[in-house]
Amino acid sequence: MIKTELLTKKFGNGRGIFELGLDVPAGAIYGFVGHNGAGKTTAIKILCGLMRPDSGRAFIGDLEVKASNTAKIKRMVGYMPDITGVYDQMSVWEFLDFYGAAFKIPPKIRKNRIEEVLALAGASEMIDYQVSSLSRGMRQKVGLAKTLIHDPAVLILDEPAGGLDPNARIEMRRAIAGLKKLGKTILLSSHILPELASICDVVGILNKGHLLAQGTVKEISEKIQENLSIMLVVDSDAQQALDLLHQVEGVESAVLADVNEIQISFTSGRELAGSLLHFLIENGVKVRWFAENEVDLENVFLNITSHTVSGTDNNR
Ligand SMILES: Nc1ncnc2c1ncn2[C@@H]1O[C@H](COP(=O)(O)OP(=O)(O)OP(=O)(O)O)[C@@H](O)[C@H]1O
Ligand SMILES: [Mg+2]
């Protein structure tokens, strides 16, 4: 639904984006992850037709993002910029009505639509608030409501959770997950990594303008993480289990993480994990818990960018 081919924009000194090939399936939530200055906003602006690339192409559905398609792209895409500009002198209702009018939504339909988008953004109670009185979290919600006003099929949200406290971030995440249920295709950028893992279907990892990896969190981590990480909890002597584990070929490391919890790093692939468990039980270890550790997006990201990121991650 959102696609780019060799998308490139150079600002000089290695800044910009380089030959990006983003691919966002219809109906998916795509997490666009990258450090500050990685190029997320640049790619997003090009996708929304607000900046021209130096080379390469971008598509929303079947439409190429170019000047002659601007009006159609605007109808299809709801764009929430990283800094939501809102008009302080208006009430929330007036603000949304203004945008609804700009999209030529007839006044009769507009009233319902405003209530609908505020509900979707979790901001129904703010309808009569003055925009100037809104907190940051409230502004983000109203910004999201504005993005939805013309019922776009595609949502492009630049750091929708940026600057929000943990509660407000959870609410924003809920609202976004709700929008997916309506069938929207959603691209959202963030550098708050663990947050994305829970709501994204696909993740693209951007580093210094280059797309380092793209796929589900699981796919990406499998590609880069040859080691399987297993947690073992025993009801018998943990030292005995450790001694046994150190004899097993394929066990790279086994360390005591808690009184009877052992963390195992295993290099021989998933299929041999079962025989590892069997070996432990056969040798008298009382296994209470044996499970692959869940993939952690933050670790994946750090792993994948560690050899390319220098001391500072903010190159603005
Ligand atoms: N108009 C511009 N002119 C010159 N350089 C720019 C311009 N826009 C962005 N850059 C540079 O391109 C790089 C990518 O910036 P961009 O804003 O796309 O990053 P980002 O991933 O959105 O970062 P953040 O997480 O801080 O929002 C940065 O080094 C930035 O300084
Ligand atoms: Mg940005």
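# A tour of the predicted model

Of the 316 residues in the protein chain, 37% count as buried. This is a predicted model. Keep the whole chain on screen for a moment. Its secondary structure comprises 11 helices and 15 strands. Consider contacts between residues at least 6 apart in sequence: 69% of them join residues at least 24 apart.

**Stop one: ligand 1**

The shell around ligand 1 holds 15 residues.

Now colour by secondary structure. Which elements each supply at least two residues of this shell? They are strand β2, residues 15-20, and helix α1, residues 40-47. Helix α1 gives the most, with three residues.

Next, colour the shell by residue class. Nine of its residues are polar and four are charged. Two are nonpolar.

**Stop two: helices α3 and α5**

Hide the ligand. Select residues 92-102 for α3 and residues 136-148 for α5. Two packed helices are described by the angle between their axes and the distance between the axes. Here the angle is about 25°, and the axes lie 9 Å apart. Angles under 35 degrees count as roughly parallel, so α3 and α5 are roughly parallel to each other. What is the handedness of the crossing of α3 and α5? It is right-handed.

Show side chains at the contact. From α3, pick V92, F95, L96 and Y99. From α5, pick V142, A145 and K146, which they meet. The residues of this contact divide into six nonpolar and one charged, with no polar residue.

**Stop three: A291**

Move to strand β15, residues 287-292, and select A291 within it. Is A291 buried or exposed? Count the other C-beta atoms within 10 Å of its own: there are 11. A residue with 12 or fewer counts as exposed, so A291 is exposed.

Now look for its partners. Leave aside the neighbours within four places in sequence, and A291 is in contact with I230 and M231.

Finish with a distance. Pick the C-alpha atoms of A291 and L277. These two residues are 14 apart in sequence, and their C-alpha atoms are 9.9 Å apart in space.

Key
Residues numbered from 1 in each chain as written. Chains lettered and ligands numbered in written order. Predicted model: local features only at pLDDT ≥ 70, side-chain atom pairs only at ≥ 80, totals over all residues. Axes fitted to C-alpha atoms, helices over the stretch in contact; angles between N-to-C directions. Helix = DSSP H or I, 4+ residues; strand = E, 2+ residues; numbered from the N terminus. Parallel < 35°, antiparallel > 145°, perpendicular 65-115°, else oblique. Left-handed = near helix turned anticlockwise from the far one by under 90°. Contact = placed C-beta atoms within 7 Å. Nonpolar A, V, L, I, M, F, W, Y, C, P; charged D, E, K, R; others polar. Near = placed C-beta within 6 Å. Buried ≥ 20, exposed ≤ 12 C-beta atoms within 10 Å, placed from the backbone.
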